[in-house]
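Hello,

Here is the structure I promised to pass on. My notes follow below it.

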Amino acid sequence: MNTLLDIKNLSVKFPTRFGEFTALDDVSLDVNAGEIHGLVGESGAGKSTVGAAIIGLLQSPGYIADGNIHLSGENLLQLDKDAYHQLRGSRISMIFQDPQTSLNPLLTVSEQLVETIRQHSDIDHDTAREQAIALLKETGLQDVEQRFHDYPHQFSGGMRQRVVIALALCTDPELIIADEPTTALDVSVQKQILALIRELCNKRNVGIILITHDIGVISEITDRVTVLRSGRVVESGATRDVLGKPQEEYTQALMAAVPRLDKKLHRFKNIVAADKQITGDVQWTIEGASAEFAAEWLLSGNADKPLPSPPLIKGGSLTSLRTDVSDEHLVSSLDSDASLSKRRLGRPGGVAFESSPILEVANLNVTFHSERPGWFSKAQGFKALQNINFSMQRGEVLGVVGESGSGKSTLAKVIVGLVDPAAGEMTFNDALLPPGSKRPRQHPARRQIQMVFQDPYSSLNNRQTVEDIIAEPIRFYGLATQRSEVRQLVASVLELVEMPQRAMLKYPHQFSGGQRQRIAVARALVARPEFLICDEPTSALDVSIQAQILNLLKDLQETFGLSILFISHDLAVVRQMADRVIVLRHGELIETADTEAFFAEPGHAYSRQLLRETPDLGLLQAS
Amino acid sequence: MTTLTERFANLRRITRENELVYLFLHNRIAQIAAFVALLCIGGAMLSPWIAPTDPYDIAALDIMDSMLPPMWSAEGDPRFLIGTDDQGRDLFSAILYGTRLSLFVGLLSITFASVLGVSVGLMAGYFGGRFDAIMMRIADVQLSLPAILTALLIDGVARGILPRESHDDLMIVVLTVAIGLSLWVNFARTARASTFVEKNKEYVQASQIMGMHPLRIMLFHILPNIMGPIMVILTVDLAVAILLEATLSFLGVGVPPNQPSLGTLIRIGTEYMFSGEWWIVLFPSGMLITMVIAVNILGDFLRDALNPRLR
Amino acid sequence: MLAVSLIAFSLFRFVGDPIAQMVGQETSIVDQENLRERLGLNDPLTTQFVRFVSNLATGEFGFSYRTRQPVSEMILSRLPATLELGFISLLISLIVGIPAGIYTALKRGGVLANTILITTLAGISVPTFVIGIFLIYLFGVQLGWLPTFGRGETVPIGWWQTSFLTWEGWKSLLLPAITLGIYQLTLTMRLVRAEMQDVLKTDYIKFATARGINYRSLYFNHAFRNTLVPVITIIGLQLGGIIAFSIVTESVFQWPGMGLLFLDSIRYVDIPVMSVYLVLIALMFVIINLTVDILYFMIDPRVRLKSNG
């Protein structure tokens, strides 16, 4: 067994103005030739730092504080700057995450390849050219001869990543560091690229370090894996052992948080404890604020719903609702021993309103016109959605799946009124839902439909305190007016989404992604919606945080009988959340099915392909 | 309930987390620049009280005092710290008053430019469409004309339209409008670009979904978020405005000669430079340069501090 | 272009009364009316505008109110001076500015780079006319090496009076050109530096570094080429800046160019000269923009291929 790369006790530090930050702490790992070694961890684990340290391109002012890196027995840390640069490309190569940005836009593919080849071997231009063409063929690029002199922007994302791989391979390196090589790609392309990496690894006998946050990818192609957390190695070993029978608590928790494709779990269990960044603030509370109070308040407000309690059935207007809340319920909830203390109420009304549709969409079409059509060309519309028909029942969770560009987000935007449909009708709560530009500002649907967005870093206004952010819908919809009342509600809703009440005094940037997403959920919830649209609510989050947010959404859905349109590219997540699934492709709805039936046997060929290409842990866990 | 100490602790934490304050407290150059800028502004504002003489008061001038060198040179007069100009004005007082005028015109025109530019930029960025297209086309055309040319043109046109007798009285207003109109484009473009970015962020979409009024979204949600880049432009363009005023006055199409600004003083000084009266041109230039450099350093500091890419 | 001629026309027509400017106080109302008729000032505005534009197109620029000379002659005699001055100062700003920008971007934090940066801060802070005055005082008054005003001796090539061909001409050109060039130089430098820093942070440069491409090719072939597009835009804008600041420089050095002419026309409210100057400037900007677009087309394959397909 010849060890290609041997890292011993590597520590990397970054001096910052708040003291030194240890990015890597005593990390040891080794890679053999012809082996793919996975490096997995959540954000901040130091995965990419390992790659940068090996290739000697640590971002300044980071430095290697301790440890050794040996490549085929040669100590890399003793090389001088020029010798190290010689090494890059010729013995160690790198594959970057985003093929859109990792190629020089002004040089043709051939120029970049030939330059790299000739940089490291003393051959003439024509020989280098032949090598480059052969290599591109090897990476599965089509029409190599014709496309050889094309510029990067003329290739699709998957094809570009093949060019990137060719560039990394063109000098026959011993070691390749692949940093999230498929994260920016759709699952179908991801599958092909991973297969290519595996194939090249075997054929050329190179060692590969595959850095990724995606445990599915790790389980799919790596031989061995190292799990990192906060710059330390948690567990290391053969992939099958580490992921199948994790020894460490963290790895176990991580594995439990990965949504499974093979069966629906009621909740994610045994997940990683939330970061305790804000403990100590727990004591700070507002009088009378509690999760129970929030829950009761929210339930009392679903005025348009045919709840069994009679007073609210007819008077569905906001005014009657407000008096109701401020006069009776606030007082009563303070006295009552919180009948909601058990937290989970089940779906109020039960089967009774499962039969009535909350949203119906008929023949929906959306066309985007490019803003400035050329001088001579007619305005060409891009059909983002074509003839979409579906209906959603009250209290149902409808999953929407599809690859990028399938129109998932457009669907959400049409419903909330950010985008106007070109044709088609939407019916919400048995009334026609006008398109966005014609929907009055006071339209009840503007309160009843709320949305949780994908990116928690941009969905909260950084210049507002959390209190202002959550209070805004309360005031805007006139759900409460008294300042003390509003504060009580804000604090209570924060409790409900499992945040300390103290959080309301802070600004969004003081929270992590997962915490921000909880605040975003709180903002949506406080409007007392009946219908929630979640557009990729967890795709920007780490898997353990994702599990927490999904659990939260499940709880809220069950407690308040919310109808949720759940959009995700991740089939496994949808499987965990949805009652029914619709599949979109190029703006067309190609399948509607119950979740269980869908995952057992999808009806459409495309759905089957999608399902097949999603990396799965099922096999691994079974063994 | 929050105790006072708790609030104080919270405040201190926020201060530490506030990048800008932190960076400022650790940037000696920016501190010096801020100090100098404050000194200039303070001196200018207080000029009626701290200046030894009133340079606008023609009666107090004595032609016998003209062209006196600074007091430390052989022929200097202890009454005039850094000498006098061609009409016997105390140069030190004239510089203080001139700085006040320059700053006044600069600040006024920059306020004018920023209010106009930011409103246009916000609306263009938020609504897009035809308004955006028209405004940005105008901006493009104007941007290809350098600010000084625009200001000269507006200045020239105003001189043509207004009756000659009122030139002197209205000149400061004309100058302010001319400089303001020549600088609004920067604000409009910056505000538009930032608005465009913010508009597509999800927090704005959340407000739109709620049915919030666009004006409210622009003022309460977008504006606070684009203040960073606007502050940068505000500082940098304040320097530009001061320079523009000085240049126009230097060219003789700026403020009227009976109320000299720094530019006017320098122009007067140039005429006597060849005959060896160097002080008339040197001190006003020095003042102008010091002030502009201080403002520019602050602008650079803000730009670097607010630019996440450079961290 | 049409918009500018419209502005120039309204300037010409509405700003001040052309007749009042042209004739003395003592001219009778009847004479004024006759003149008005003769000049076509009573025709409908559209007719007047069409005539204005067609006059411009045929080089009929009218007469100056102040000197009674044909504007075309006045401008033509001043044009070479301004163009020569602008050309040399652009050259100075590019030849010094671009390398300095690249250097400071690559050696971020180095002593020399920091020195250059601080100097440029002064460069944008010191107004052009103060630089001019300072140079005059130093080289003209104190040292007496270089002339402080005018163009010196010029040699006619056809109607073009050039100062490139005489020693005196070059000496006269030096100070104004430096004065005009310094501000543009600092702008060029700061821009090249900012763009270069941005490009050096991109993934494709990181990837190229990770492939071991030698630094020379990395910086010039990969990085600098990508900064060219914005740099060219700015150079285009700078030409505008040079034209504008030539007004100031020409005023300081009494350089007999178009800028000085324009400044006089503003001072004396000489509308025909002002409007023709404006139209000429607009024409220059159109040409500059066109050149910049063509250069884009040559440099950036994304622009090139989009227009083909």
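In β8(A), H37(A) has I209(A) as its bridge partner. In β9(A), the bridge partner of H37(A) is R224(A).

This is a predicted model, where local features need pLDDT of at least 70, side-chain atom pairs count only at pLDDT 80 or more, and totals for chains, interfaces and linings use all residues. Residues are numbered from 1 along each chain as its sequence is written, chains are lettered from A and ligands numbered from 1 in the order in which they are written, and side-chain values use heavy atoms, with hydrogens and water left out.

Now the strands (DSSP runs of E, at least two residues, numbered from the N terminus). β3(A) pairs with strand β8 (residues 207-212) of chain A in the parallel sense, over five bridges. Pairing requires at least two DSSP bridges between the strands. β3(A) also runs parallel to strand β9 (residues 224-229) of chain A, joined by four bridges.

Strand β3 spans residues 36-40 of chain A. Five of its five residues are buried, so the strand is largely enclosed by the rest of the structure. Buried means under 20% relative accessible area, exposed over 50%, partly exposed in between (1.4 Å probe, protein chains only). I36(A), G38(A) and V40(A) point one way, H37(A) and L39(A) the other. In a regular strand, side chains alternate between the two faces of the sheet.

Two serines are worth a look. S72(A) has phi near 45°, positive in a non-glycine residue. S72(A) sits in the loop between β4 (63-71) and β5 (74-75) of chain A. S72(A) is partly exposed, at 42% relative accessible area. S230(A) also has phi near 45°. S230(A) lies between β9 and β10 (232-238) of chain A, in the loop. S230(A) is exposed, at 52%.

Regards
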